[in-house]
Amino acid sequence: QKQTSAALWQDASLFQPKSCQVVARVRLSTVRRASRHDAKQLSLLAEKTFRQAFDGVNTPEDMALHCRTSYSEAIQAQEISDPNMATLLCECEEGLVGFAQLRWGDAPSCVAAKSPGEIQRLYVVGDCHGTGVAQELMNAGIDEMRDRRSDVVWLGVWERNPRAISFYRKFGFVEVGDHVFRLGSDPQRDIVMARSVADGSPGA
């Protein structure tokens, strides 16, 4: 069942949007919970969007190792079924254009919370940057945190990713500390950001 890289990129064209601008203009996008049937498509989308974001600033070896150990179809199926996680998918007429993965459990000591929730991943295909898809996913994620009665939502973001840091600040996230995120063999510094779930969605 293991696919070659060529097969992965060929399949990835299944969710390549023709014109994602329509999402922002007429709100044709939908955010929904993932099911196990979405595992293959999510695997492709997750690797595609991660590579779009970070291929140019990391070694091919580290990228390949990270994608192999994080985004396989089997791993995505397991995470979709995990009761302490929630996977949200955003799709428009052409298919999947973004996703967010939420996780509940332990948080870094710098996150002061009684019931913390984490936005583990939030990625959007490159053609949909700036169209409102990321905002939809963030709003849906915060709503999910509220439904789970989390009091604080936190996330880790690479210190060398100013665009993402700016996006999170628009939603009320502030820096509270840092931790190490290992990408392949490379230990990288992630800024830990957090905000109260009760603050609403200022970035909407």
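Arg189 is partly exposed because its relative accessibility is 32%, where partly exposed lies between buried (under 20% relative accessible area) and exposed (over 50%), computed with a 1.4 Å probe on protein chains only. This is a predicted model, in which local features need pLDDT of at least 70 and side-chain atom pairs count only at pLDDT 80 or more, while totals for chains, interfaces and linings use all residues. Residues are numbered from 1 along each chain as its sequence is written, and side-chain values use heavy atoms, leaving out hydrogens and water.

The structure holds 12 salt bridges, each a side-chain nitrogen of Lys or Arg within 4 Å of a carboxyl oxygen of Asp or Glu. Three of them are tabulated.

| Pair | Closest N to O distance |
|---|---|
| Arg51 and Glu47 | 2.9 Å |
| Arg121 and Glu79 | 3.0 Å |

Arg189 lies in strand β7 (residues 186–196) and Glu175 in strand β6 (residues 174–183), 14 residues apart. Glu175 is partly exposed at 45% relative accessibility. Shared partners join Glu159, Glu175, Asp178 and Arg189 into one salt-bridge network.

Arg121 forms a salt bridge with Glu79. Arg121 is in strand β4 (residues 116–124) and Glu79 in helix α5 (residues 73–81), so the pair ties together parts 42 residues apart in sequence. Helices (H or I, at least four residues) and strands (E, at least two) are DSSP runs numbered from the N terminus. Arg121 is buried at 11%, and Glu79 is buried at 14%.

Arg51 and Glu47 are 4 residues apart in helix α3, about one helical turn. Arg51 is buried at 16%, as is Glu47 at 14%. Because 12 of the 16 residues of α3 are buried, the helix is largely enclosed by the rest of the structure.
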